[in-house]
Amino acid sequence: MPKSSNRLALIGMMGAGKSTVAEILHTQWGFPWVDVDRKVEERFGAPVATIFRDRGEAAFRALEREVMLEICQSPGPTIVSLGGGAPMDPDCQRLLAEEFWVAWLDAPASVLYARAQSPERPLANLGFEAFEALFQGRRRTYQRLSDVTVDVSVRSASSVADDITKWWKDEKHVRV
């Protein structure tokens with residue numbers, strides 16, 4: 001992992017608050033922020049749920065990869081919030097390992113499932129058992145990729161952002 005990188009990726013299941021925390025960090029640190037799901041929606045001209053329905057998950061994941069590659073080609077610091085499935089892609093795993101410091105926003109499946117209920121989240125609408133199986137299948141990868149894990153179970157997004165800022169300063173020995 002390139003410890004000189006000024007790129008931070010927030011990973012975790014849907015409902016973890018990755019976009020909310022990333023926006024707070026963006027405001028506090030002044031680093032550019034890319035929400036990969038929003039960028040994919042802009043490219044495709046449709047919401048994630050529509051992309052899943054009309055093109056399938058594989059097409060969505062290919063667009064995620066494309067966005068991640070573009071982010072890595074841009075110089076300078078960046079905060080990235082990734083969709084929950086992006087870290088499962090081998091190419092994204094490689095990019096995360098080589099180009100980013102990674103913070104995993106974690107909570108029990110029941111907490112994340114309750115937060116993720118929305119028509120815009122197709123994988124959250126398959127029922128709790130399917131959600132929990134998806135969660136369990138991703139945990140090991142999230143853990144392997146992460147440089148820090150932050151429990152987001154019962155904490156505000158600003159508190160989570162404060163913990164990430166403290167870790168970033170300690171780890172990088174820099175001011176943000």
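**Sheet and helices**

In this predicted model, helix α7 (residues 128-145) lies across β1 and β4, and its direction runs at about 145° to β4.

β1 and β4 belong to an open sheet of five strands with parallel pairing, in the order β2-β3-β1-β4-β5. The edges are taken by β2 (33-35) and β5 (148-151), each of which has a single partner strand, so one side of each is left without a neighbour in the sheet. On average, neighbouring strands of the sheet are turned by 20° against each other, direction ignored. Helix α2 (residues 36-44) also packs on the sheet, where α2 touches β2 and β3 (78-81). The direction of α2 makes about 65° with that of β2.

There is also a helix-helix contact to describe. Two packed helices are described by the angle between their axes and the distance between the axes. For helix α4 (residues 57-73) and helix α5 (residues 90-99), the angle is about 20° and the axes are 10 Å apart. Angles under 35 degrees count as roughly parallel, and α4 and α5 are therefore roughly parallel to each other. Their crossing is left-handed. On the α4 side, Arg65, Met68, Leu69 and Cys72 take part, meeting Asp91, Cys92, Arg94, Leu95, Leu96 and Glu99 of α5. By class, this contact has six nonpolar and four charged residues, with no polar ones.

Conventions
Residues numbered from 1 in each chain as written. Predicted model: local features only at pLDDT ≥ 70, side-chain atom pairs only at ≥ 80, totals over all residues. Heavy atoms only, no water. Axes fitted to C-alpha atoms, helices over the stretch in contact; angles between N-to-C directions. Helix = DSSP H or I, 4+ residues; strand = E, 2+ residues; numbered from the N terminus. Parallel < 35°, antiparallel > 145°, perpendicular 65-115°, else oblique. Left-handed = near helix turned anticlockwise from the far one by under 90°. Contact = heavy atoms within 4.5 Å. Nonpolar A, V, L, I, M, F, W, Y, C, P; charged D, E, K, R; others polar. Pairing = 2+ DSSP bridges.
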